[in-house]
Amino acid sequence: MSALHIKRGSNSHSAYNLRSTFSDVQEKHTLAVVVENEPGTLARVIGLFSGRGYNIESLTVAEVDHTGHQSRITVVTTGTPQIIEQIKAQLERLVPVHRVNDLTVEGPSVERELALLKVEGTGDQRVEALRLADIFRAKVVDSTLASFVFEITGTPEKIDAFADLMRPLGLVEVARTGVAALARGAE
């Protein structure tokens, strides 16, 4: 019997992937974590991120099942594929966690965010701010003689684009809710 001579790396004749799965590419992932709604649960989940030096770009939390006392934590984080897998595995090991879904890899999802933006200005700046708000379908929720507060809902990219356009018109303050996300289609 002859010895097998397999070159490093997989090919069409090999049943094994011998290539390194490590990557330096940073990816953004949206994780939906269903947890027990009890004191300290959020602190434990967030402690996992901070204790290991992982960054949270967006965080939303709300009770989704009042009778079952369950909450849903939606976390947007960035890391290499290995880091993301490590985060998911560590989250699944926490006692109050029921399930972890990576909406980025599980298929199409819907992501929305709500933001309030305060824009101060007079004259032509006010007119331009109202015109842009109409284009972006932002609503005026408060108005004074010197400022507007706009409410806008959409993808984080849409909100970023609206804020960038409002900055030269007198944007003074922004409040954002963070991403809320659901998988599309039947589960």
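**Exercise 1.** Against which elements do the buried residues of α1 pack?

*Solution.* The model is a predicted one.

Step 1. Locate the helix and its buried residues. Helix α1 spans residues 41-51, and its buried residues are Thr41, Val45, Leu48 and Phe49.

Step 2. Consider how these residues are arranged. They cover an arc of only 95° around the axis, and therefore they lie on the same side of α1.

Step 3. Turn to the other side of α1, where Ala43, Ser50 and Gly51 are exposed.

Step 4. Identify the partners. The buried residues of α1 pack against the strands β1 (27-36), β2 (56-65), β3 (70-79) and β4 (97-102), and also against helix α2 (81-93).

**Exercise 2.** Which residue just after α1 takes a positive phi?

*Solution.* The residue is Gly53, with a phi of about 80°.

**Exercise 3.** Determine whether Thr60 is buried or exposed, and describe its surroundings.

Step 1. Apply the cut-off. A residue is buried when its relative accessible area is under 20%. Thr60 has a relative accessibility of 17%, so Thr60 counts as buried.

Step 2. List the contacts. When neighbours within four places in sequence are left aside, Thr60 is in contact with Arg72, Ile73 and Thr74, as well as with Thr177, Gly178, Val179 and Ala180.

Step 3. Examine one partner in detail. A polar atom of the Thr60 side chain lies 2.9 Å from the backbone oxygen of Val179.

Step 4. Compare chain and space. Thr60 and Val76 are 16 residues apart along the chain, and a distance of 9.2 Å separates their C-alpha atoms.

Definitions and conventions:
Residues are numbered from 1 along each chain as its sequence is written. This is a predicted model: local features need pLDDT of at least 70, side-chain atom pairs count only at pLDDT 80 or more; totals for chains, interfaces and linings use all residues. Side-chain values use heavy atoms; hydrogens and water are left out. Buried means under 20% relative accessible area, exposed over 50%, partly exposed in between (1.4 Å probe, protein chains only). Helices (H or I, at least four residues) and strands (E, at least two) are DSSP runs, numbered from the N terminus. The arc is that of the directions from the helix axis to the C-beta atoms. Contact means heavy atoms within 4.5 Å. A polar contact is a pair of N or O atoms within 3.5 Å; within protein, one must be able to donate a hydrogen and the other to accept it, and residues adjacent in sequence count only if both atoms are side-chain atoms.
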